[in-house]
Amino acid sequence: MRRYNRAGVLALTSAAALAGSLLTSAPAQAASSPIAACGSSYHVIDKHSLGGATVYLLYNGKTNCVVTWRNKPSSKRVYLKALIHRERQPWKVDGGNFTTYAGPVKIDARGYCVQWGGDYGKKKWTSKFGHCGK
């Protein structure tokens, strides 16, 4: 009888753990705008059109954020990429086949110039260094 109780407890514990992991691993909600993707404290400081998408550079007083945002919503996936780096640092990149946007990619660039850009399908664009922090 004791084995039956332990097996039952083990089964209930496993079921509870599985249910908890399913609740915590739900997919994240898509952002509704470039500002929402980066965070409400950000504001757009620059942008560049790629035709069907726009690359946005945002800033919150400390951190730069880049999002490549598709201009018209669609359920069809297209290659999008967002990228940024500061002088003497590696690129931070988010790229793939997405329906709405790539990014956000963020860096702390206070006191540094940044280079940023994005891709939409086969269209690619990268800025020169600029937006030098204070």
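**Entry 1: a proline in a strand**

I began with Pro-104 and found its place in strand β6. Strands here are DSSP runs of E with at least two residues, numbered from the N terminus. The peptide bond from Gly-103 to Pro-104 is cis, and its omega is near 5°.

Before going on, I noted what I am working with. This is a predicted model, in which local features need pLDDT of at least 70 and side-chain atom pairs count only at pLDDT 80 or more, while totals for chains, interfaces and linings use all residues. Residues are numbered from 1 along each chain as its sequence is written, and side-chain values use heavy atoms, with hydrogens and water left out.

**Entry 2: the sheet**

Next I looked up the sheet that holds β6. Strands of a sheet pair through backbone hydrogen bonds, either parallel or antiparallel. I found an open sheet of four strands in the order β1-β2-β3-β6, with antiparallel pairing; two strands count as paired if DSSP finds at least two bridges between them. Which strands stand at the edges? They are β1 (43-49) and β6, and each has a single partner strand, so one side of each is left without a neighbour in the sheet. On average, neighbouring strands of this sheet are turned by 20° against each other, direction ignored. For such angles, axes are lines fitted to C-alpha atoms, and the scale runs from 0 to 180 degrees between N-to-C directions.

I then followed one pairing. β3 and β6 are joined in the antiparallel sense over six bridges. Thr-63 has Asp-108 in β6 as its bridge partner.

**Entry 3: aromatic pairs**

How many aromatic pairs does a search of the whole structure find? It finds two. Rings of Phe, Tyr and Trp (its six-membered ring) pair if their centres lie within 6.5 Å; planes under 30 degrees apart are stacked, over 60 edge-to-face, and the rest tilted.

Trp-69 and Tyr-101 form a stacked pair, 4.8 Å centre to centre with 10° between the planes. This pair links distant parts of the chain, since Trp-69 is in strand β3 (residues 63-70) and Tyr-101 in strand β6 (residues 101-108), 32 residues apart. I checked burial too: both Trp-69 and Tyr-101 are buried. Buried means under 20% relative accessible area, exposed over 50%, and partly exposed in between (1.4 Å probe, protein chains only).

Why is the pair of Trp-116 and Trp-125 edge-to-face? Their ring centres are 4.8 Å apart but their planes are at 75°, so the pair is edge-to-face. Trp-116 is buried at 2% relative accessible area, whereas Trp-125 is partly exposed at 23%.

I moved on to Thr-54, which is found in strand β2 (residues 53-59). Is Thr-54 buried or exposed? With a relative accessible area of 9%, Thr-54 is buried. Its side chain is joined to that of Asn-71 by a polar contact of 3.0 Å. Such a contact is a pair of N or O atoms within 3.5 Å; within protein, one must be able to donate a hydrogen and the other to accept it, and residues adjacent in sequence count only if both atoms are side-chain atoms. Leaving aside neighbours within four places in sequence, Thr-54 is in contact (heavy atoms within 4.5 Å) with residues including Val-67, Trp-69 and Asn-71.

**Entry 4: a positive phi**

Last, I looked at Arg-88, in the loop between β4 (78-86) and β5 (92-98). Its phi is near 60°, a positive value in a residue other than glycine. Arg-88 is exposed, with a relative accessible area of 71%.
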